[in-house]
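Me: I am new to this structure and would like to be walked through its sheet, its core and the surroundings of its ligand. Could you take my questions one at a time?

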Amino acid sequence: MTDPVALDGESTIGEFDEKRAENAVRELLIAVGEDPDREGLRDTPARVARAYKEIFAGLWQQPEDVLTTTFDLGHDEMVLVKDIEVYSTCEHHLVPFRGVAHVGYIPSTSGKITGLSKLARLVDVYARRPQVQERLTTQIADSLMEILEPRGVIVVVECEHMCMSMRGIRKPGAKTITSAVRGQLRDAATRNEAMSLIMAH
Ligand SMILES: Nc1nc2c(ncn2[C@@H]2O[C@H](COP(=O)(O)OP(=O)(O)OP(=O)(O)O)[C@@H](O)[C@H]2O)c(=O)[nH]1
Ligand SMILES: [Zn+2]
């Protein structure tokens with residue numbers, strides 16, 4: 001774990017307070033009319049606190065922590081990893097949204113690339129935070145641009161939001177698709193090439 005990071009570049013947050021989370025879950029159980037002392041729920045507040053620590057672990061990670069391995073391979077054509085599983089948490093309702101991310105980039109002219117798994121790790125850094133899908137998408141794109149200095153980036157995220165499925169409007173199956181394109185991938189031809197690779201199954 002590294003130091004807590006600034007979420008929006010300005011404000012910083014404190015450390016994960018497991019005891020406080022545990023107390024809050026206990027209160028929540030009482031608020032919904034449950035008995036937190038009944039046998040099945042006795043360990044639940046502590047368990048949920050530990051789960052939240054994992055689910056929000058990205059709050060203590062920075063993109064630089066995962067985009068560590070870079071090589072100068074001289075490969076200067078598009079690299080695209082598609083169907084990276086995403087599990088994130090809607091910051092409005094604190095329920096999951098899940099789906100896939102497709103992350104592609106055109107390396108710098110020197111051919112600076114990163115390990116393929118690092119792209120999936122980068123997705124996790126930002127997914128494991130209270131999020132909205134649009135910000136998740138742009139944060140992945142912007143951090144790649146900053147660290148790899150590629151000529152272009154494309155990030156497409158497709159997710160189903162549990163806050164739209166299990167409550168509220170109750171439309172299971174509705175998919176939200178967000179994209180962020182930077183640099184040369186804004187050019188129509190290059191963008192279309194990337195999109196056809198992403199959409200091909
Ligand atoms: N743009 C965006 N909206 C989101 C995301 N996740 C959830 N939302 C929306 O956030 C909105 C919050 O709306 P509110 O009216 O404040 O909350 P609410 O009364 O619970 O809204 P409903 O979900 O419509 O019942 C809802 O429309 C959600 O669908 C996201 O990742 N991006
Ligand atoms: Zn929501």
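Reply: Two strands count as paired if DSSP finds at least two bridges between them, and this is the sense in which bridge partners are meant below. The model is a predicted one.

Me: Which residue in β6 is the bridge partner of Ala 101?

Reply: β3, which spans residues 96-106, pairs with β6 in the antiparallel sense over 10 bridges. Among the residues that Ala 101 touches, beyond those up to four places away in sequence, are Ile 84, Val 86 and Val 157. The bridge partner of Ala 101 in β6 is Val 157.

Me: Which strands are the edge strands of the open sheet?

Reply: The open sheet has 5 strands with mixed pairing, in the order β5-β2-β3-β6-β7. An edge strand here pairs on one side only, and the two that do so are β5 (130-131) and β7 (176-183).

Me: How many residues does the largest nonpolar core have?

Reply: Those with the most contacts inside this core are Ala 101, Leu 122, Val 123, Ile 140 and Val 155. The elements β2, β3, α4, α5 and β6 each supply at least two of its residues, and α4 also lies across β2, β3 and β5, running at about 20° to β2. The number of residues in this largest nonpolar core is 29.

Me: Which elements give two or more residues to the shell around ligand 1?

Reply: The residues surrounding ligand 1 include Cys 90, His 92, Gln 133, Glu 134, Cys 163 and Met 164, and the shell divides into 5 nonpolar, 4 polar and 1 charged. The elements that give two or more residues to this shell are α5 and α6 (162-165).

Conventions:
Residues are numbered from 1 along each chain as its sequence is written. Chains are lettered from A and ligands numbered from 1 in the order in which they are written. This is a predicted model: local features need pLDDT of at least 70, side-chain atom pairs count only at pLDDT 80 or more; totals for chains, interfaces and linings use all residues. A nonpolar core is a set of buried Ala, Val, Leu, Ile, Met, Phe, Trp, Tyr and Cys residues joined through C-beta atoms within 7 Å. A residue is buried if 20 or more other C-beta atoms lie within 10 Å of its own, exposed if 12 or fewer, and partly exposed in between; C-beta atoms are placed from the backbone. Helices (H or I, at least four residues) and strands (E, at least two) are DSSP runs, numbered from the N terminus. Two residues are in contact if their C-beta atoms, placed from the backbone, lie within 7 Å. A residue is near a molecule or strand if its C-beta atom, placed from the backbone, lies within 6 Å of it. Ala, Val, Leu, Ile, Met, Phe, Trp, Tyr, Cys and Pro count as nonpolar, Asp, Glu, Lys and Arg as charged, and the others, Gly among them, as polar. Axes are lines fitted to C-alpha atoms, for helices over the stretch in contact, and angles run from 0 to 180 degrees between N-to-C directions.
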